[in-house]
Amino acid sequence: MKYFILICAFFSSFSFAVESLQISSLHDSLVLLEPVKVFKDSNHLNENQVLALYHENKFDNLPLHVKSFGASNATYWIALKLQNNEEIEHFLEFKYDQLTYIDCFVFRKEERIHSSSNGNAIRMEDREIEHFFVRFSLSRSDEPLIYLFKITSKRPMIIAMHIGTKSELDYEKLISIVSVALFSGGLFLLLITNLMLYLVFKIKEYLYYGIYLAYFWIFYYVHPSLHFFL
């Protein structure tokens with residue numbers, strides 16, 4: 001039974017999908033003009049080449065709900081076409097903040113008007129948005145803008161994004177952190193309880209269950225899909 005539960009947890013992590021793009025601010029002045037696009041790049045293309053492929057409809061639609069892309073040496077490009085006339089500054093945050101490198105290129109028609117870098121491997125003080133999580137500022141413009149995000153990561157990738165104001169993004173992160181903290185605390189308490197019961201009664205089942213909890217705890221932090229259970 002103890003191994004059956006662990007095996008179920010492992011395989012179920014690949015069957016759950018998360019929302020690929022969440023927009024908290026539903027205003028007419030902030031509009032996604034086309035579905036989010038994705039392109040898998042194995043040829044080390046630059047942003048101008050990728051923009052040309054976007055205009056040639058070589059990108060695929062990113063599913064509304066995505067699973068892990070797994071670990072890959074390929075680069076993934078995400079394209080968003082946005083109309084943003086919002087007075088309040090808005091940001092795009094990548095929910096899975098273990099993505100190693102993310103470069104952002106902003107185009108107005110064919111002209112690149114801005115670029116920035118972010119990601120888990122970038123020091124916080126070197127990020128354009130000096131924040132613990134991976135965020136990019138959305139430029140305000142009277143014309144539609146195309147955002148190209150170049151994602152390079154050797155870790156398993158989940159490409160899930162959230163657009164909103166600073167307060168909206170911070171609120172969701174706070175709820176997520178509290179949920180993870182409560183889950184981890186409960187798991188740790190169960191682990192300590194089972195180890196103490198084993199030491200007192202010398203019943204191996206308590207030790208086996210404690211080992212299972214320890215493995216599940218490690219697996220939870222290693223595999224990104226499980227982070228979205230809460």
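A residue counts as buried under 20% relative accessible area, as exposed over 50%, and as partly exposed in between, using a 1.4 Å probe and protein chains only. Take isoleucine 192: at 33% relative accessibility, it counts as partly exposed. Before we go on, note that this is a predicted model, where local features need pLDDT of at least 70, side-chain atom pairs count only at pLDDT 80 or more, and totals for chains, interfaces and linings use all residues. Residues are numbered from 1 along each chain as its sequence is written, and side-chain values use heavy atoms, with hydrogens and water left out.

Let's start with the overall layout. The chain has 4 helices and 13 strands; these are DSSP runs numbered from the N terminus, with helices (H or I) of at least four residues and strands (E) of at least two. Of its 230 residues, 40% count as buried. Now look at contacts, meaning heavy atoms within 4.5 Å. Among contacts with a separation of 6 or more, 75% are between residues 24 or more positions apart.

You'll find histidine 90 in the loop between strand E7 (75–84) and strand E8 (91–94), and at 1% relative accessibility it counts as buried. Serine 25 is 65 residues away along the chain, yet the C-alpha atoms of histidine 90 and serine 25 are separated by 8.7 Å. Leaving aside neighbours within four places in sequence, histidine 90 is in contact with residues including Ser25, Leu30 and Phe136.

Rings of Phe, Tyr and Trp (its six-membered ring) pair if their centres lie within 6.5 Å; planes under 30 degrees apart count as stacked, over 60 as edge-to-face and the rest as tilted. The structure holds 9 aromatic pairs. In one of them, tyrosine 147 and phenylalanine 149 have ring centres 6.3 Å apart and planes at 10°, so this pair is stacked. Both tyrosine 147 and phenylalanine 149 are buried.

Next come the charges. Side chains of opposite charge can pair when their charged atoms come close. A salt bridge is a side-chain nitrogen of Lys or Arg within 4 Å of a carboxyl oxygen of Asp or Glu, and a search of the whole structure finds 9 of them. In one, glutamate 47 pairs with arginine 112, with the closest N and O atoms 2.5 Å apart. Glutamate 47 lies in helix H2 (residues 47–55) and arginine 112 in strand E10 (residues 111–118), so the bridge ties together parts 65 residues apart in sequence. Glutamate 47 counts as buried at 14% relative accessibility, while arginine 112 counts as partly exposed at 42%.

Where does arginine 135 lie? Arginine 135 lies in strand E11 (residues 135–137), and it is buried, with a relative accessible area of 2%. A network of salt bridges links arginine 135 with Glu93, Lys166 and Asp170.

To finish, let's go back to isoleucine 192, which has its place in helix H3 (residues 166–201). Together with Phe188, Leu195 and Met196, isoleucine 192 forms a nonpolar patch on the surface, with about 350 Å² of accessible area together. Patches are made of residues with over 30% relative accessible area and no salt bridge: like charges are joined within 9 Å, nonpolar side chains (Val, Leu, Ile, Met, Phe, Trp, Tyr) within 5 Å. Accessible areas come from the Shrake-Rupley method with a 1.4 Å probe, and for residues only the protein chains shown count as cover.
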